[in-house]
Amino acid sequence: MVKPQTILLVDDHSLITTAMSALLQSMYPDVQIHVGATAKEAVELAEKYGDSADLMILDLGLPDSQGTDLLVRLLQNYPALKILVLSGNCDPDSILKALSAGAAGYVPKTLDANLLKSTINFVLEGGVYIPSKILSQQQSMGMSPQQPVVNPSSKVHLTIRQCQVLKLLSQGDSIKTICRKMDLSEGTIKTHVTALYRAFDARNRTEALIAARRNGFNVD
């Protein structure tokens, strides 16, 4: 089990940060927890600890931020930072938007403490946590069989967008080509590529593709 040294916690409700800090401290007695309550403070925490923090737990419903804007901004500036979204809003659209933006996972604020610890450990070990409701609702949300989907038999879980990037990487496409094909910014694509490398514990494209094949992903 990975033992985190530094966790950044950002939520605008002091009751949540107080309870979550106590819970995290009980899970990981030696961890240092740095708390923020606004998007501005989240950016400041990232500027100070983004290169060394093991994890940021982030509420997207901050008063000075909208949607996934803050998440995208943080990951563009600190692509190696693992960000676990903690939210009271658990509708499928919100979850998919956060995961597609590069979040390392999405969990409800009502999640059981033991499940939360398992989720955090999974993310710290390089996984991308996708709520089971999203996996089970993919077809009901109109996704065709031809679309890339996560591989539920693998211990590595990727977002649909990350699977799309992985497929294009396997075809030899450059970052700029992937940007053009997916109509996304270079910063966003680089964030997804970094997340893929992290998920497969890879240092480059070749290692990521080899690991993806071993984990059952279609990259041929």
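Me: What is the accessible surface of the protein, and how much of it belongs to carbon and sulfur atoms?
Reply: The accessible surface comes to about 10,700 Å², and 49% of that belongs to carbon and sulfur atoms. Areas here come from the Shrake-Rupley method with a 1.4 Å probe, and for residues only the protein chains shown count as cover. Before we go on: this is a predicted model, where local features need pLDDT of at least 70, side-chain atom pairs count only at pLDDT 80 or more, and totals for chains, interfaces and linings use all residues. Residues are numbered from 1 along each chain as its sequence is written, and side-chain values use heavy atoms, with hydrogens and water left out.

Me: What pLDDT does the protein average?
Reply: The average is 83, and 88% of the residues score at least 70; pLDDT is the predictor's confidence in each residue, from 0 to 100. Over residues 138-153, though, the pLDDT is below 50. Beyond near neighbours in sequence, that stretch has 25 contacts in the model, a contact being heavy atoms within 4.5 Å.

Me: How many helices and strands are there, and what makes a run count as one?
Reply: There are 10 helices and five strands. Both are DSSP runs numbered from the N terminus: helices are H or I with at least four residues, strands are E with at least two.

Me: What is the strand order of the sheet, and which are the edge strands?
Reply: The sheet is open, with five strands in the order 2-1-3-4-5 and parallel pairing. Its edge strands are strand 2 (32-36) and strand 5 (105-108), as each pairs on one side only. From one strand to the next, the twist averages 20°.

Me: How do you know that strand 3 and strand 4 pair?
Reply: The rule asks for at least two bridges found by DSSP between two strands. Strand 3 (residues 55-58) and strand 4 (residues 83-87) run parallel and are joined by three bridges, so they pass the rule. In strand 4, L84 is the bridge partner of I57, while V85 stands opposite L58. Helix 5 (residues 113-124) packs on the sheet, touching strand 3, strand 4 and strand 5. The direction of helix 5 makes about 135° with that of strand 3; such angles run from 0 to 180 degrees between N-to-C directions, with axes fitted to C-alpha atoms, for helices over the stretch in contact.

Me: Why is strand 4 called largely enclosed?
Reply: Because five of its five residues are buried, where buried means under 20% relative accessible area, exposed over 50%, and partly exposed in between (1.4 Å probe, protein chains only). I83, V85 and S87 point one way from strand 4, and L84 and L86 point the other way. Across the protein's 220 residues, 48% count as buried.

Me: And V35, what makes it partly exposed?
Reply: V35 has a relative accessible area of 43%, which falls between the two cut-offs, so "partly exposed" is the label. V35 lies in strand 2 and, leaving aside neighbours within four places in sequence, is in contact with L9, T17, S21 and L45.

Me: Are C163 and C179 buried or exposed?
Reply: C163 is at 6% and C179 at 11% relative accessibility, so both count as buried under the cut-off.

Me: How many disulfides are there?
Reply: The count comes to zero, the rule being a pair of cysteine sulfur atoms within 2.5 Å.

Me: Where does E186 lie, and what does it touch?
Reply: E186 lies in helix 9 and touches I175, K176 and C179, not counting residues up to four places away in sequence. The C-alpha atoms of E186 and I175 are separated by 7.0 Å, with the two residues 11 apart along the chain. At 32% relative accessibility, E186 counts as partly exposed.

Me: Why is D183 called exposed, and what about D201?
Reply: D183 has a relative accessible area of 68% and D201 has 72%, so each is past the exposed cut-off. D183 lies in the loop between helix 8 (175-182) and helix 9 (186-199), and D201 in the loop between helix 9 and helix 10 (205-214). D183 has a positive phi of about 55° although it isn't a glycine; phi of D201 is near 55°, again positive in a residue other than glycine.
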